[in-house]
Amino acid sequence: MPSHDMNSFQTVLRSSKHIIAIAGAGLSVASGIPTFRGAGGLWRKYDAMSLATPGSFRRDPSLVWQFYHYRREVALKAMPNPAHLALASFSLPQTRALIAPDSTFTLITQNVDGLSARASQQVQSAQPQFLDVPDDTQTKLLEMHGRLFDVRCTSAKCGHTEFNTTSPICASLAGTELAIAAGDADHAIPVVDLPRCSECGALARPGVVWFEEVPLHLDVIENLVDQADLCLVVGTSSTLYPAAGYASEVQEHGGTVAVFNLEHSAGDEEADFLFLGPCEETLPKALG
Ligand code: BJW
Ligand code: ZN
């Protein structure tokens, strides 16, 4: 049976040297971003799971772009919540020096909303500027399923990707977020009017990782998982591979796993510690 004891968790945290966190959609629920499965929202009548595939984009790029335009607009208006800020603060070496001395920390997020990066910027800009932190201890964040604001060329010859937070991303998508929000996207946009690559003019696509596509940073992540002696599993249903396999890998080589989830999930199977409840409440306590 996993422990629910916060003091015991903090004792383990204090002596851990290589800490990773695997985050999922539950991390952003308190920022108003719905989850994919389970508690916490779901994207209106549109099944993110069936739209998040290369086949859906080939069949209906207009609907897929309207869906991602809507999600870009939601993410642009959202703000990092106390769970993002707790992780971002824990990423600072000066914070960890007090809680987990001489440790490394990397946040591996499956989320594409950019809120963890924004939380890091927020937390870092609140630090006194005279603090000179060595480069290798700076915040480490790996967005393994890509980013909503990356826009990638579909031409294999080009492959140009750019970070683009323009709202709306193109004129033809303006206002379509209202129809998606109402669950009523029947407006077919001609492919020529969808976002195009700024380098070669081909159709562009959202720079996220869809089903059957290979997630990003896998080599770096595998090394981190191999070394980790503590793995925090935050707000994920732990059903999507390869991310769902990392906690058991850490446990297999003797590391500790602590799960922070609103409710019971597949992640409980690996949990040495289990903190049920909103992570925007449990994480700031655990890492505070
Ligand atoms: C709260 C909360 C609060 C609510 N506080 N908690 C076996 C091995 C490897 C792969 C496979 C395999 N079998 C099948 C596969 C393929 C597939 C897969 O895993 N399928 C499963 C259904 C089994 N995987 C893939 O296709 C991946 N690619 C791949 O495997 O390539 C092959 C390869 C791998 C490695 C090396 C070489 C080759 C790609 C997966 C891409 C996933 N893409 C998506 C969409 C991204 C773009 C977008 O956002 O639109 O990623 S799908 C979706 O699921 C999204 C998420 O990042 C991901 C995970 O979901 P997450 O984050 O866990 O969200 P939810 O909604 O499931 O859970 C939310 C949780 O929060 C719940 O538990 C709530 O209780 C909780 N919660 N409020 C705390 N306040
Ligand atoms: Zn191009």
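Trainee: Which residue of E7 is the bridge partner of Ile 19?

Mentor: In E7 that partner is Leu 230. Strands E1 and E7 are joined in the parallel sense over 5 bridges.

Trainee: What makes E1 and E7 a pair?

Mentor: Two strands pair if DSSP finds at least two bridges between them, and E1 and E7 have 5, so they count as a pair. The strands and helices themselves are DSSP runs numbered from the N terminus (helices: H or I, at least four residues; strands: E, at least two). Please keep in mind that this is a predicted model, in which local features need pLDDT of at least 70 and side-chain atom pairs count only at pLDDT 80 or more, while totals for chains, interfaces and linings use all residues. Residues are numbered from 1 along each chain as its sequence is written, chains are lettered from A and ligands numbered from 1 in the order in which they are written, and side-chain values use heavy atoms, leaving out hydrogens and water.

Trainee: Which sheet has parallel pairing, and what is the order of its strands?

Mentor: An open sheet of 6 strands, ordered E3-E2-E1-E7-E8-E9. At its edges are E3 (141-143) and E9 (273-276), each pairing on one side only. From one strand to the next, the twist averages 15 degrees. Within this order, E7 (residues 230-234) and E8 run parallel and share 5 bridges, one of which links Cys 231 to Val 257 in E8.

Trainee: Why is E8 called largely enclosed?

Mentor: Buried means under 20% relative accessible area, exposed over 50%, and partly exposed in between (1.4 Å probe, protein chains only). In E8 (residues 256-261), 6 of the 6 residues are buried, so the rest of the structure largely encloses this strand. One side holds Thr 256, Ala 258 and Phe 260, and the other holds Val 257, Val 259 and Asn 261.

Trainee: Which helix lies across E1 and E2?

Mentor: That is H5, at about 145 degrees to E2. Angles run from 0 to 180 degrees between N-to-C directions, with axes fitted to C-alpha atoms, for helices over the stretch in contact.

Trainee: How do you know that His 84 is buried?

Mentor: His 84 has a relative accessible area of 1%, which is why it counts as buried. His 84 sits in helix H5 (residues 82-91). Leaving out residues up to four places away in sequence, it touches Leu 27, Ser 28, Ser 31, Leu 115, Ser 116 and Ala 119; contact means heavy atoms within 4.5 Å. H5 as a whole has 7 of its 10 residues buried, so it too is largely enclosed. Its cover includes H1, E1 and H7 (115-125).

Trainee: Why are H1 and H11 called oblique to each other?

Mentor: Angles under 35 degrees count as roughly parallel, over 145 as roughly antiparallel, 65 to 115 as roughly perpendicular, and the rest as oblique. H1 (residues 6-15) and H11 (residues 279-286) pack at about 55 degrees, their axes 10 Å apart, and they are therefore oblique. Met 6, Phe 9, Gln 10 and Leu 13 of H1 meet Thr 282, Lys 285 and Ala 286 of H11. H11 also lies across E7, E8 and E9, at about 140 degrees to E8.

Trainee: Which strands form the sheet with antiparallel pairing?

Mentor: Three strands do, in the order E5-E4-E6, and the sheet is open. Its edge strands are E5 (161-163) and E6 (204-208). Val 151 has Glu 162 as its bridge partner in E5 and stands opposite Pro 206 in E6.

Trainee: What makes the arrangement around the zinc ion (ligand 2) tetrahedral?

Mentor: Donors are N, O and S atoms within 2.8 Å of the metal (3.2 Å for Na, K and Ca); water is not among the atoms, so sites may look incomplete. Here the SG atoms of Cys 153, Cys 158, Cys 197 and Cys 200 coordinate the ion at 2.3 Å. Four donors count as tetrahedral if all angles lie between 85 and 135 degrees. The 4 donor atoms around this zinc ion subtend angles of 99 to 114 degrees, so the arrangement is tetrahedral.

Trainee: Is Cys 158 buried or partly exposed?

Mentor: Cys 158 is partly exposed, because its relative accessible area is 31%. Cys 153, at 5%, counts as buried.

Key. Tetrahedral: all angles 85-135°; square planar, octahedral: opposite > 155°, others 65-115°.
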